[in-house]
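Opening the notebook on a new model today. I want to go through its cores, strands and charged pairs.

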Amino acid sequence: MKKILQLGCGMVGRAMALDLSENYQVTVVDKDKTALDTLSGIINITTIHQDITNKEEIIKLAYRSDLVLSAVPGFMGFQTIEDVIKAGKNIVDISFFPEDAYELDELAKKNSVSVIVDCGVAPGMSNFIAGYHYNKMIIEDFECMVGGLPFIREFPFQYKAPFSPIDVVEEYIRPARMVVNSTIITKPALSDREYVFIPDIGTLEAFNTDGLRSLIKNLKIPNMKEKTLRYPNHIDLILALKESGFFDMNPIKMEDHKFTPIEFTSKILFNKWKLNPDDKEFTVMTIKIIGIENNKKVSYNYYLFDIYDADNKISSMARTTGYTATAIVNYILLFGLEQKGIIAPEILGQNENTFNFVMNYLKARKVNYIHSKEMIN
């Protein structure tokens, strides 16, 4: 039985470990013993209570594994990948770190390692789907809207996060890149607000975030944008915090203590945003791809609406993010991957066999991407 080293055991990490344990021996590392205890007694899962920033130990564990899966917080993602590359092991990553992954491309190729980054729902499946159609048509416009939200709208934020609040906050302050008429432009995060009607939920509010990631580098599409979805009025509270300085990264001193406002805010928001195991939530994503196929203008529309798995107590965001990554893990371990270096999902998606494998893998787990095609006159 092949061995997988998984770094991180948050809500998404737990879902991935359970999924992979059906066919592989999984070793899960985390410094949070309480999180590891949720996997206690599961066949084919071994847990190690260990700080992932301990490079020497992580490299030793990686050496003994066939593949590494990284589910660490974003601020740890880049360094974790670099450590695993030095161990000479292939790695699939969902950490959504702010650094440019391609800075590690040369090192990965030197060590003959395949590094698949951004293997979540968005970025991740949004890139994967874009890559698939990019190989079959001339895409003129690409638009993705995505959000994960609780069914119960609690005052004041109407939001729950299945991962670290600091990662969400950074999404709210990182400038959003998009492509307009083949030119990369940057707008403030949270800008260009609009109301969007979602059939299964109702009216949500969409705003710019920096979710295109490697699509900007790898696909030459004249117009591309990505927006995040939240309940109406959520963003007003976030803007109030932002404008008041609660997300500042410069340290401030109070008496004998020094801290950054963003760290303080993240600690406070953790309790308000914490997604508990029994909280019912959903993930929704829409993708619109317009372009020329067989000399005709067409529109492909994808729709994902996924809900909390009550039987196994797995959040929808954990399912839609985690199972994308475990699909790629399975594909690599079953069929191998010749390409070395940093590999984005849109590159993998251009291979029809890979695309079909991942879509079928997700469908088997009831993560369904409903799609349709329309002719445009």
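My entries follow, starting with the ground rules.

**Ground rules.** I'm working from a predicted model, where local features need pLDDT of at least 70, side-chain atom pairs count only at pLDDT 80 or more, and totals for chains, interfaces and linings use all residues. I number residues from 1 along each chain as its sequence is written, and side-chain values use heavy atoms, with hydrogens and water left out.

**Cores.** I looked up the nonpolar cores, meaning sets of buried Ala, Val, Leu, Ile, Met, Phe, Trp, Tyr and Cys residues joined through side-chain atoms within 4.5 Å. For burial I use under 20% relative accessible area as buried, over 50% as exposed and in between as partly exposed (1.4 Å probe, protein chains only). The largest core holds 68 residues, and Val 92, Ile 116, Met 125, Phe 142, Met 285 and Tyr 369 have the most contacts inside it. Helix H11 (residues 316-335) gives this core its largest share, nine residues. My helices (H or I, at least four residues) and strands (E, at least two) are DSSP runs, numbered from the N terminus. A second, separate core has 28 residues, among them Tyr 159, Leu 204, Ile 238 and Ile 262.

I then checked what Val 92 touches, taking contact as heavy atoms within 4.5 Å. Leaving out residues up to four places away in sequence, its contacts include Leu 67, Ile 116, Ala 325 and Ile 332.

**Helix H4.** I find 10 of the 13 residues of H4 (residues 74-86) buried, including Met 76, Phe 78, Glu 82 and Asp 83. Just after H4, Gly 88 has a positive phi of about 75°.

I count strands as paired if DSSP finds at least two bridges between them. S8 (residues 176-180) and S9 (residues 183-187) run antiparallel over five bridges, and Val 180 sits opposite Thr 183. Two residues separate them in a hairpin, where Asn 181 takes a positive phi of about 50°.

S10 and S11 are also antiparallel, with five bridges, and their hairpin runs through three residues. Glu 194 has Ala 206 as its bridge partner. S11 (residues 202-208) has six of its seven residues buried. S11 also pairs with S12 (residues 223-230), antiparallel over four bridges, and there Phe 207 partners Thr 228.

**Salt bridges.** I searched for a side-chain nitrogen of Lys or Arg within 4 Å of a carboxyl oxygen of Asp or Glu, and the whole structure gave 19 salt bridges.

- Glu 352 pairs with Lys 136, closest N and O atoms 3.1 Å apart. Glu 352 is in helix H13 and Lys 136 in the loop between H6 and S7, 216 residues apart.
- Glu 205 pairs with Arg 193 at 3.0 Å. Glu 205 counts as buried because its relative accessibility is 4%, whereas Arg 193, at 37%, is partly exposed.
- Asp 278 pairs with Lys 313 at 3.3 Å. Asp 278 is partly exposed at 47% relative accessible area, and Lys 313 is partly exposed at 44%.
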